[in-house]
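Me: I am new to this structure. Please take me through some of its side chains, one question at a time.

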Amino acid sequence: SVSWSTTFSSLGMSLSSTFNLSQNMRDSSISITLPDLNISVSRFYPLKRKHAAGKERWYEKIYMSYTGHISNSITSKESEILHKSITKDWRNGWQHTIPIGGSFTLFDVVNVTPSFNLTDRTYFTKIDKSWDDVAKTEVADTVSGFYNVYNWNFSLQASTQIYGFFVPSRKLFGDKIEAIRHVLKPSVSFSYAPDFSSHRYGFWDSYQKTDADGNVSLVEYSPYSSMLYGTVSQGKTGSISVDIGNNIEMKIKSDKDTTGFKKISLIDELGLAMSYNLAAKER
């Protein structure tokens with residue numbers, strides 16, 4: 001096993017790679033991973049001005065990062081290893097993960113945080129499946145090519161804080177209580193991801209199966225489910241969530257405190273939350 005790593009501080013990039021070889025002398029089997037490469041680019045702001053003048057623009061707050069993983073491996077007999085096909089027999093692929101986001105303030109009171117995450121998988125083979133009506137069995141065929149299997153999701157969160165102050169009646173409570181502060185923290189979040197198993201994307205397929213009893217059924221499968229980084233999941237996702245938090249503090253006079261006042265927490269966190277599943281099927 002050999003490992004290597006380096007960094008490019010000016011680019012915020014780091015690379016690490018390993019080469020692994022394992023051999024079993026009993027059955028002459030050999031396992032090779034060449035290479036296993038990890039690429040990482042730390043968060044950066046692609047639209048930020050190098051020589052900024054004046055206030056920061058809203059688009060300068062958009063950030064992104066990158067993580068990549070390349071791997072190529074095989075397990076085979078030692079005598080057969082040189083006759084194996086890189087595309088058909090080796091298990092390889094390249095996965096890219098790119099998160100994009102930002103943090104903005106609307107009207108100086110509302111914090112808005114959007115987020116977009118993209119995952120892309122690059123493969124050089126796929127496995128097409130069909131049904132053999134004569135043999136009554138599933139047939140798998142490995143097809144070489146260049147295939148991209150991607151999925152993405154989007155989320156958006158908005159939150160703010162609302163402050164309220166109340167001074168109780170001096171006649172009823174005396175002058176010991178200076179004020180009562182109520183902090184209301186509402187937030188709304190939204191998330192969505194489409195159904196990437198839809199046939200228009202081509203990441204999932206199906207074939208018709210007729211068993212020995214003559215029963216006909218439709219079998220869904222993904223040509224990439226056995227690949228190095230898997231495939232996309234079935235079904236779309238989406239939700240809307242609302243959360244309201246409450247915090248109540250009381251400020252009273254105190255001879256022991258140097259400031260002359262002391263804060264007492266009456267309610268640390270009293271919350272109300274609810275969510276709605278946008279992807280739920282109607283019944």
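Me: Is Trp152 buried, partly exposed or exposed?
Reply: This is a predicted model, so the answer rests on computed values. The relative accessible area of Trp152 is 25%. Buried would need under 20%, and exposed over 50%. Trp152 is therefore partly exposed.

Me: How many aromatic pairs does the structure hold, and what kind do Trp152 and Tyr192 form?
Reply: There are 15 aromatic pairs in the structure. Under 30 degrees would count as stacked, over 60 as edge-to-face.

Me: Which residues form one aromatic cluster with Trp152 and Tyr192?
Reply: Both rings belong to one aromatic cluster.

Me: Over which ring does the charged end of Arg43 sit?
Reply: The charged end of Arg43 is 3.8 Å from the ring centre. A charge counts as over a ring within 6 Å of its centre, if it is also within 35 degrees of the ring normal. The ring is that of Tyr63.

Me: What accessible area do Val188, Ile240, Tyr276 and Leu278 have together?
Reply: These four residues form a nonpolar patch on the surface. One of them, Leu278, lies in the segment after strand 14 and is partly exposed at 34%. Together, the patch has about 360 Å².

Key:
Residues numbered from 1 in each chain as written. Predicted model: local features only at pLDDT ≥ 70, side-chain atom pairs only at ≥ 80, totals over all residues. Heavy atoms only, no water. Phe/Tyr/Trp six-rings, centres within 6.5 Å; stacked < 30°, edge-to-face > 60°. Buried < 20%, exposed > 50% of the residue type's maximum accessible area, 1.4 Å probe, protein only. Patch = residues over 30% accessible without salt bridge, like charges linked within 9 Å, V, L, I, M, F, W, Y side chains within 5 Å. Areas by Shrake-Rupley, 256 points an atom, 1.4 Å probe, with all protein chains shown as cover. Salt bridge = Lys/Arg side-chain N within 4 Å of Asp/Glu carboxyl O. Helix = DSSP H or I, 4+ residues; strand = E, 2+ residues; numbered from the N terminus.
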